[in-house]
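Subject: Helix packing, structure handed over

Hi,

Here is the structure for your set. Please look it over before reading my notes.

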Amino acid sequence: MDLHQCDAFVKGVLEGNRRWIAKSMTLVESSLPLHRTMAARMMDGLLPHTGKSVRLGITGVPGVGKSTFVENLGLYLANKGHKVAVLAVDPSSQRSGGSILGDKTRMEQLACHENAFIRPSPSGETLGGVAAKTREMMLVCEAAGFDVVMVETVGVGQSETQVSTMVDFFLALMIAGAGDELQGIKKGILEVADAIAINKADGDNLERASSARQEYEIAMHMVTPESPTWRPPVLTCSSMLEGGTVNVWETVLEHRRKMKETKEFEQRRRAQALDWMWHLLETGLKDRFKENPDVRANMPHISHQVENELMSPTAAAERLLSYV
Ligand SMILES: Nc1nc2c(ncn2[C@@H]2O[C@H](COP(=O)(O)OP(=O)(O)O)[C@@H](O)[C@H]2O)c(=O)[nH]1
Ligand SMILES: [Mg+2]
């Protein structure tokens with residue numbers, strides 16, 4: 001592969017060619033310096049063709065029904081003629097050797113739908129790395145003509161915060177019962193969610209789902225909404241019932257319409273792009289710092305001095321920073 005090939009990547013993706021889409025995602029995933037340069041050039045070529053999709057993030061604890069939800073809603077949309085891409089941010093997927101999308105029995109129908117494209121979580125050493133790659137993959141999907149991009153993220157640690165900053169609408173799925181009513185409140189999920197949906201509202205579970213909904217509504221009243229235009233609603237849904245997730249989609253569209261009216265939609269996207277740039281700058285600076293020969297040469301000695309209280313952390317940091 002060389003730099004001249006970038007044009008072929010851009011052309012292939014813009015044509016919606018699945019093989020080129022997959023290849024470009026592999027390129028985005030690679031951390032080889034040449035590939036990073038190529039990916040950056042490719043992304044520049046794709047950028048003018050991005051931005052037109054509905055970016056929907058889905059979070060929730062394992063087992064809440066995220067993958068099933070994505071398949072249910074994805075099928076509904078794909079059957080309506082939408083082109084649906086599904087991505088995942090799962091920093092644990094490498095360690096567990098699988099992926100939240102890795103279970104082949106799930107999303108089976110969506111995976112073979114001609115209007116759908118499913119890509120499991122990219123590999124990466126850090127969550128930041130995984131999230132950055134997912135962002136680029138999202139742009140690849142948009143350039144390839146997908147008009148709905150769903151990002152599934154496992155509801156642990158910071159992955160949900162990362163995903164909430166790359167989507168237009170962030171959905172938190174919850175389940176009723178077993179003291180679960182307050183799941184996520186501690187993690188501040190209610191503050192970043194654009195809607196809460198109590199999932200598995202079907203069969204014997206219906207009643208419990210509706211009382212959980214009331215409890216969450218009360219909890220949501222204690223949260224100051226991020227937008228003056230939108231108070232995040234609490235819904236119920238089910239992926240076991242046909243059309244059981246359509247209400248969620250309608251909420252996504254209503255949010256979109258309102259946010260576009262007030263121009264908050266564009267503002268949010270612009271702020272996200274800038275935040276992303278700063279995030280990349282910070283990680284890039286950190287990498288460069290660690291790779292600096294003077295830093296590397298002096299780090300062991302200075303660290304040792306700090307450990308043994310022979311040098312203050314402040315003085316040590318200043319010394320190390322002076323090398324770059
Ligand atoms: N009754 C019911 N079960 C569901 C629903 N959605 C998912 N499940 C079941 O919940 C389990 C976990 O679902 P999964 O989508 O893998 O959850 P994830 O870990 O959040 O991705 C599976 O056994 C699903 O069949 C639903 O709407 N209703
Ligand atoms: Mg899953």
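This is a predicted model: local features need pLDDT of at least 70, side-chain atom pairs count only at pLDDT 80 or more; totals for chains, interfaces and linings use all residues.

Residues are numbered from 1 along each chain as its sequence is written, chains are lettered from A and ligands numbered from 1 in the order written, and side-chain values use heavy atoms, without hydrogens and water.

H1 with H2

Helix H1 spans residues 6-14 and helix H2 residues 18-29. (Helices are DSSP runs of H or I, at least four residues, numbered from the N terminus.) Their axes come within 8 Å and cross at roughly 130°. (Axes are lines fitted to C-alpha atoms over the stretch in contact; angles run from 0 to 180 degrees between N-to-C directions.) H1 and H2 are therefore oblique, meaning neither under 35 degrees, nor over 145, nor 65 to 115.

On the H1 side, Ala 8, Phe 9, Gly 12 and Val 13 make the contact (heavy atoms within 4.5 Å). They meet Trp 20, Ile 21, Lys 23, Ser 24 and Leu 27 of H2. By class, that is 6 nonpolar, 2 polar and 1 charged residues. (Ala, Val, Leu, Ile, Met, Phe, Trp, Tyr, Cys and Pro count as nonpolar; Asp, Glu, Lys and Arg as charged; the others, Gly among them, as polar.)

H1 with H3

Helix H3 covers residues 33-46. The axes of H1 and H3 come within 9 Å and cross at roughly 45°. This pair is therefore oblique. H1 contributes Cys 6, Phe 9, Val 10, Val 13 and Leu 14. H3 contributes Met 38, Arg 41, Met 42, Gly 45 and Leu 46.

Best wishes

Technical notes. Helices (H or I, at least four residues) and strands (E, at least two) are DSSP runs, numbered from the N terminus.
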